[in-house]
Amino acid sequence: MVFDSVWIVGGSRSGKTTRLVRQFCDWVQWENQDSRSFYTTQKKQKKGKQLSKGLDLRQTEPGVLLLAANDDNRRELGDRIVTATLGKYPVRAKTPLGFFQDEVILFWPLLIQSLKLKAQFPVRLRPETEQELATKLWRSHLDEETLRRAGVNEYRLVRRILDLLQLAAYSGKPCEEISSILASGFADNPIYLEPEFLASLLLEWRDWCLDKGLLTYGIITELYNQHLLPNPQYQQQLRKRYQAVLADDVDDYPGIARHLFDVLLDQGAVGAFSYNPEGAVRLGLGADPNYLEVLAGRCQIENLIGPSRESLAIALATQMAELATEPTVMLSLPETVQSIQTTSRAQLLRQTAEVIVDAIKSGEVEPEEVAVIAPGLDAIARYTLIEILNKQNILVEPLNDQRPLISSPAIRALLTILALVYPGLGRLVDRDAVAEMLVVLSRRQKTADNSSEISSDIDPVRAGLIADYCFEPHPERPNLLPVTAFERWDRIGYAATTAYSEILQWLEKQRSQQEQRLIPSPISLLYLAVQDFLCKDSNPPYDQLAALRELLETAQHYWEINTRLQQSNSSTRAAAEATISEFIQLLRRGTITANPYPLRPIGPAKKAVTLATIFQYRSSRRFHRWHFWLDASSPLWAKGGAATLFGAPLFLQDRLGVPWTAEDEKTAEDERLQRILADLLSRVSEKVYLCHSDLAVNGQEQIGPLLPLVHACVPLTAEAGA
């Protein structure tokens, strides 16, 4: 039986992913009387009897490629496929960038041969390491005059230039064409740096990375599209490995994903693609939905009905979009939409939290049925909402909460240990850091009465006294003295004295071993400190565990890159000290966040209120009974809660190099706002609260595009929220 490729079009929560799973089941022709299938339109067959012959996917190598827009969606799609088929058919589930990366590394010998590269195994650079190395490489070119003309600091300029390489690669354009695209796009805007200058920096960076065997996302994507995908040998292998491709939410894919799909379809593979006109969450961050949509011409198109009947989108999406984009329209919103209005933002945060608490305490809604969504979540809003709700025993789950690693006391304590054990790092440690380290390393879990409470044998006051009298600063060898160096050491107490002595003995032992070169690397020291102190008598909470895992992963990556770069140089003691110093300073700049490879929850979902930005919430594809749209009158709602990359519109296939005007920006914001409203309303079933304060956190008046919605709905009075 020959299958046609399918293009599934539908809004949010219209059943696109379910239809993809059903399509997979149709392809493999698998169903019997006892199976629990997603589709009901086909006739049930006798037990054990297969349907008419379809794709033969029972092989060691996966014959189906599954693609999803992000990692969370990838895992969910893969799980649903495995559940639907009882795991009988192997599949390969990836994100587009994850697939490109795997293929480039797998076929690296082919690229070595075609590009005449050094025969060395490639190492992928993390974004923070990419930023640091590019800054070092370009520092001689980025003088004060260049930064003044660019109008941004060195960090932002380097990130902006690197993003150009990634955007060009996503659109299928080689690095050599960046100059011409920027020249035509910025022809009428002389404030930016010369396109030739930017392109020359990127060419220097790309060639330097390839010479060292280092890969960034931008370089990986360019290598795949420009050199690997057109290679006949690779295409032959691709044809053997994949008979089918399923791609969910292709409106969030980079343009070159279509090149991959075209090659697969040209080779006889069958495809199923889902497309959401209300999606395009990553537009401006590398996605090119219009270019991907052209692929529909090669498929049988299926239009799914609108959003789920239980969502508010059916009744409100059009009405709210008109109010937001045409403020002169006189409409009033139904009672399902209410506003919480205050003068200051501090009042707004407190009142919003109180409304949530009252609703949950009264049993009107469960915590897991509530989502607080904002265009941007600053530390004040995050802390205030979590603090108020937690005091009422209501858990809060921040989506993809990427706080800087350095914000964790445990991480700061571990960095202090590095500075105390390794020589030459004395300028990176002070009395306050030592006091904090003593508090963190002396934490113990109370075992009396089956309590899980964590306490420190050395409290902050005693830690401060010890640091004042027992810490000897020194640029080369900072030192900790025995507690008896403090004349009134009897005031410290037995528990604190014992804990301090244990820490001191441990540090002295590690120093001795380091001098004898018995510690393989700083990573080993970090592992040992985590084992002997942070995880010795207790299991750290999840947020601390995530930070520790990310620190160890980051350290492992950092020293792997450092080893690669020093292969041609003899490793000296000074170089080792410099590497550790740079690593500590990199973390202290806050550029690395706690986002390690995620641990998947086991068991029922956490009963917690969801806290997310617009971008995070839309990317997660979640659904709730109640929504609280925080800072509803903020101008950031038109931006979608995510900053557009510099020059992103210039690299869209339907307008390559076309200048981006103020009119284009206004049109894009209106269209984005309509998509946001339609998408969010499709993900809520009962109530939407528009949370508005007259003044923003910086004291400015809030007059964003959703302000007409706030004025058009029923305000929630203090009595109603009580």
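Two strands pair if DSSP finds at least two bridges between them, and I kept this in mind while looking up strands in what is a predicted model.

**Entry on the sheet.** I began with Ala 244, whose bridge partner in strand 7 is Val 270. Strand 6, residues 244-247, and strand 7, residues 270-275, run parallel and are joined by four bridges.

**Entry on the cores.** I next looked up the largest nonpolar core, which has 82 residues, and Trp 138, Trp 205 and Phe 273 are among those with the most contacts inside it. Helix 7, residues 154-171, gives the most to this core, with eight residues. Apart from this core I noted another, of 62 residues, including Ile 417 and Trp 506. Returning to Trp 205, and leaving aside neighbours within four places in sequence, I listed its contacts, among them Leu 133, Trp 138, Leu 162 and Ile 219.

**Entry on Ser 633.** Is Ser 633 buried or exposed? I found that Ser 633 counts as buried because its relative accessible area is 0%, below the 20% cut-off. Ser 633 sits in the loop between strand 17 (624-629) and helix 25 (662-681). Its side chain and that of His 692 are joined by a polar contact of 2.5 Å. Not counting residues up to four places away in sequence, Ser 633 also touches Ser 693, Gln 702 and Leu 707, among others.

Terms used. Residues are numbered from 1 along each chain as its sequence is written. This is a predicted model: local features need pLDDT of at least 70, side-chain atom pairs count only at pLDDT 80 or more; totals for chains, interfaces and linings use all residues. Side-chain values use heavy atoms; hydrogens and water are left out. Helices (H or I, at least four residues) and strands (E, at least two) are DSSP runs, numbered from the N terminus. Buried means under 20% relative accessible area, exposed over 50%, partly exposed in between (1.4 Å probe, protein chains only). A polar contact is a pair of N or O atoms within 3.5 Å; within protein, one must be able to donate a hydrogen and the other to accept it, and residues adjacent in sequence count only if both atoms are side-chain atoms. Contact means heavy atoms within 4.5 Å. A nonpolar core is a set of buried Ala, Val, Leu, Ile, Met, Phe, Trp, Tyr and Cys residues joined through side-chain atoms within 4.5 Å.
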